[in-house]
Amino acid sequence: MDLTERPDFEFDVFSKECPSRGTLEHVTGRWGTLTLGALYEGSFRFNELRRRVDGVSEKMLSQTLQALERDGLVHREAQPTNPPRVDYELTPLGREVAERLLSLIHFVQGRMDDVLEARERYDTARGGR
């Protein structure tokens, strides 16, 4: 959709027609969140980023980076060297999104003792897991 095709409604992620829903999925999916959080630390080459985001496959990281680049959150810089060098970094919009995600990540990490206790109570009440 180009800017001349912008819908005649306010963006509402709860509407299935709203394009913000796709961006929210890219940002809040496991790999999107971790990729944005890692890139907040600075520029990475593909394999460096793959090592930083432990557990992501090459295919998933590639798809994630493409989606985030399309949404304007990640900038891909290809250097004309041999072999080619490609660096990824956050755009200003991507940095803003990553800051908000990191706030949530830090909150969740800081409350994991409470989460683990809740899980234990839940499992015990239901006969163990």
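In what order do the three strands of the open sheet lie, and is their pairing parallel or antiparallel? In this predicted model, the order is S1-S3-S2 and the pairing is antiparallel. The points below describe the sheet, the packing of helices and the nonpolar core.

**The sheet**
- Strand S1 (44-45) and strand S2 (74-79) form the edges, each pairing on one side only.
- S2 and S3 run antiparallel and are joined by six bridges.
- Ala-78 has Val-86 of S3 as its bridge partner.
- Helix H2 packs on the sheet and touches S1, S2 and S3, with its direction at about 95 degrees to that of S3.

**Helices H1 and H2**
- Helix H1 (residues 20-28) packs against H2 at an angle of about 65 degrees, and their axes are 4 Å apart.
- Because of this angle, H1 counts as roughly perpendicular to H2.
- H1 contributes His-26, Val-27 and Thr-28 to the contact, while H2 contributes Arg-30, Gly-32, Thr-33 and Leu-36.
- Sorted by class, the residues of this contact are two nonpolar, four polar and one charged.

- In soluble globular proteins, nonpolar side chains tend to be buried together.
- The largest nonpolar core here has 21 residues, of which Leu-36, Leu-39, Leu-49, Leu-65, Val-74 and Tyr-88 touch the most other members.
- Two or more residues each come from helix H2 (30-39), helix H3 (46-52), helix H4 (58-70), strand S3 (85-90) and helix H5 (92-110).
- H2 gives the largest share of this core, four residues.
- Apart from neighbours within four places in sequence, Leu-65 contacts Thr-35, Leu-39, Phe-46, Leu-49, Val-74 and Tyr-88.

Terms used: Residues are numbered from 1 along each chain as its sequence is written. This is a predicted model: local features need pLDDT of at least 70, side-chain atom pairs count only at pLDDT 80 or more; totals for chains, interfaces and linings use all residues. Side-chain values use heavy atoms; hydrogens and water are left out. A nonpolar core is a set of buried Ala, Val, Leu, Ile, Met, Phe, Trp, Tyr and Cys residues joined through side-chain atoms within 4.5 Å. Buried means under 20% relative accessible area, exposed over 50%, partly exposed in between (1.4 Å probe, protein chains only). Contact means heavy atoms within 4.5 Å. Two strands pair if DSSP finds at least two bridges between them. Axes are lines fitted to C-alpha atoms, for helices over the stretch in contact, and angles run from 0 to 180 degrees between N-to-C directions. Angles under 35 degrees count as roughly parallel, over 145 as roughly antiparallel, 65 to 115 as roughly perpendicular and the rest as oblique. Ala, Val, Leu, Ile, Met, Phe, Trp, Tyr, Cys and Pro count as nonpolar, Asp, Glu, Lys and Arg as charged, and the others, Gly among them, as polar.
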